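Hi,

Here is the structure I said I would pass on. Have a look at it first, and then read my notes below.

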Amino acid sequence: MERKYPNLCKPIKIGNVTFRNRMFSAPMGGTDITADCTIGPASTAFYELRAKGGAGSVTVSEVVVHPKTEASHMYHLDLQTVGSLASFTYTADAIRRHGAIASVELSHSGQYAGTYLTDKNKKDGLAQWGPSIGVRPDGREVKELTQELIDDIVKAYGDTAALAKRAGFEMVMVHGGHGWLINQFLSPYFNKRTDKYGGSLENRVRFAQEVLDSVRKAVGPGFPIEFRFSGSELFEGGYDLAEGVEIAKLIESRVDLLHVSAGTYQRGFGLTHPSMFLPHGSNVCLAAEIKKHVSVPVATLGGLNDPEMMEEIIASGKADVVEMARALLADHELPQKVMSNRDKDIVKCLRCFTCMAERAMTSTRRCTVNPLIGRELGGTEIIPAATPRKVLVAGGGPGGLEAAITAAKRGHKVILCEKSDEVGGILKGEQALPFKYEMYELGVTLGKLAEDAGVEIRLNTTVTKEYVENENVDALIIAVGSEPLVPLILGLDGDNVVVVNDYYIEKDKVSSEVVVLGGGLAGCEAAIHLAQEGKTVHLVEMRPELAPDANIRHRPILLSEIEKNNIHVHTEYKGLKVTEEGVLCADSEGNEHLVPGTSVICALGQRARRKVVDELVESALWVREIGDCVRPSTITTAVYQGYHAGLDI
């Protein structure tokens, strides 16, 4: 068989272990961490899913090696806690039985202990230890590690690595990046010590070297050790790429794989995990430069989800391995699809940060485009129905498409009707925003997957009660979505107004001076795009804050982009009238102001198409309403509800 991406699919030997391909599942924290910090069954299933999907390696994250100085609620691996070793053993087995190599990330957050606690008040009860005494940005005091504690932590890394090997893991990753403890020692920003661990680069690297020596002694020769570090901290006061190269050179003799990441969680989350506003592979340059100076294999990552880009990275010698986290949440079968030349079937990550936001808010995992994530114990296989039915799906948005695909995979005869000439629903509008183009592609990909599953797609077809009855279907899934909210504001129906949903077909109407009316997520993203095009943009929002509907990971990055692009923001402004010169608004005290702009984008929200739903709801014996037609929500909600509607028939 001739593989389309031969370099990605080529096995690689690291240490004494051979990995089946060059696509690794980067560390992702689990969800059901027990009260005793063991791995719960849901997390075992979570990690297993990526092994089933074809990844070369799957890394369990994060294992706290020294709870005495880092008592965060993350995994602990020890012999004292009942079930600890067993939970890791079962997880390693769940990964390995599908052909992937099981790895575990050994970690210590140092002065950032408690970062992932949902109850932030509990941080006060934790000990924040770092290389140097200081005060965190949130006001918490940091204590300096003594030599005795350093020695104890170094030993703990080795002890935990030995237990990981005993549990059946065939590689360990030492986390030395992202602002965690080892990175704090490496960084001149955090490390102000004057002893053998501070000052010169050689001294700042000493702690990492001692940790790696401890791990090597524990696991023995040939057992792969992967060292994850930031090639550059990417902020003023931290170390740069030139120093990152020197760190790599001082580390390489102790490791089998250098995993080059970037930045720190605390001072650049959207850089460490490249946001939709950054190019894919924006951190690959760090690995590419470091690879020139070391002899061990190098791994890279950072917003990678396109096989063609990843193939070029390996083929050109920028890196030996590509690692993905979010991309393998969006499509856990990505590696297998690459291996079998089915790259057109890959459901790409949207870089929307739903996954990261949910972990911070609810201690769960969710993925906007993959309804299995965090719910793997409910079953990951679609079981054929005992009695095939005739199913009609009204609406070709993401929810309707997901429902149609799932129902078809169960063996039902499925018809999907879309009133326009293209599937995708509200996602069609995203093709005009380059940083959201993958949301448009989601509709295209789901449409292809629906056709491949045998769904009959009827475009330019409006579903009425009579239509359903004439088709004589057994089940109806109503996924007719929402429509733009256009209030009765004088002039809002004028020729100089474009509804945000229609911007992709009317963008040529938009002038160089624009007022975006509505500062929710859609309005903010439209404003950023228009400003990036060089237009003068005013953003008007009736509420005190912008984008309250954005998740907690995406929102800070979004607001930063608004500031960076010099968008004029007017909060607590209520639109009264649209004129040829702009929008007349009233502030919170009732004073009137003209916000200037010869074009207006209406982004005042969505409302459910309840009138259509009410007409259809009695037209079949089995009916399910999903997505925005229930109430305007998110792609995540639509996809999840669609998947389960398809399962329930």
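**Notes on the model**

A360 counts as buried because its relative accessibility is 16%, and buried here means under 20% relative accessible area, with exposed over 50% and partly exposed in between (1.4 Å probe, protein chains only). Before I go on, a word on the source: this is a predicted model, where local features need pLDDT of at least 70, side-chain atom pairs count only at pLDDT 80 or more, and totals for chains, interfaces and linings use all residues. Residues are numbered from 1 along each chain as its sequence is written, and side-chain values use heavy atoms, with hydrogens and water left out.

Back to A360: you will find A360 in helix α13, residues 354–362. Helices (H or I, at least four residues) and strands (E, at least two) are DSSP runs, numbered from the N terminus. The C-alpha atom of A360 is separated by 8.7 Å from that of R553, although the two are 193 residues apart along the chain.

**The whole chain**

The protein chain has 21 helices and 28 strands. Its radius of gyration is 26 Å, close to the 26 Å that the globule rule gives for 649 residues, so the chain is as compact as a globular protein of that length. (That radius is taken over C-alpha atoms, and the rule is 2.2 Å times the number of residues to the power 0.38.) Along the principal axes, the C-alpha trace spans about 75 × 65 × 45 Å.

Of the 649 residues, 59% count as buried. The accessible surface comes to about 25,500 Å², and 50% of it belongs to carbon and sulfur atoms; areas come from the Shrake-Rupley method with a 1.4 Å probe, and for residues only the protein chains shown count as cover. If you take the contacts with a separation of 6 or more, 69% of them are between residues 24 or more positions apart. Contact means heavy atoms within 4.5 Å.

**The barrel**

Eight strands close into a barrel with parallel pairing, in the order β3-β4-β5-β9-β10-β11-β12-β13. From one strand to the next, the twist averages 30°. Helix α7 (residues 241–251) packs on the sheet and touches β10 (225–230) and β11 (257–261), with its direction at about 160° to that of β10. For these angles, axes are lines fitted to C-alpha atoms, for helices over the stretch in contact, and values run from 0 to 180 degrees between N-to-C directions.

Two strands pair if DSSP finds at least two bridges between them.

Is H76 buried or exposed? It counts as buried, because its relative accessibility is 12%. Leaving out residues up to four places away in sequence, H76 touches C37, V63, V64, P67, S84 and F88.

**Residues 390–613**

An unreviewed UniProt entry lists residues 390–613 as "domain: FAD/NAD(P)-binding". UniProt positions are given in the numbering used here, feature names are shortened, and annotations may be inferred rather than shown by experiment. The span is 29% helix and 27% strand, and its end C-alpha atoms lie 20 Å apart.

Strand β14 (residues 390–394) pairs with β15 in the parallel sense over five bridges, and A394 stands opposite C417 in β15. Strand β15 (residues 413–417) is mostly covered, with four of its five residues buried.

Next, take a look at β26 (residues 599–602): S599 and I601 point one way, V600 and C602 point the other way, and all are buried. In a regular strand the side chains alternate between the two faces of the sheet. Strand β19 (residues 497–499) pairs parallel with β26 over three bridges, with V498 and I601 as bridge partners. Strand β20 (residues 513–517) also pairs parallel with β26, over four bridges, and V515 stands opposite V600.

Finally, there is an open sheet of three strands with antiparallel pairing, in the order β23-β24-β25. Its edge strands, β23 (574–578) and β25 (592–596), each pair on one side only. Neighbouring strands of this sheet are turned by 35° against each other on average, direction ignored. Four bridges join β23 to the antiparallel β24 (residues 582–586), and G575 has C585 as its bridge partner in β24.

Cheers
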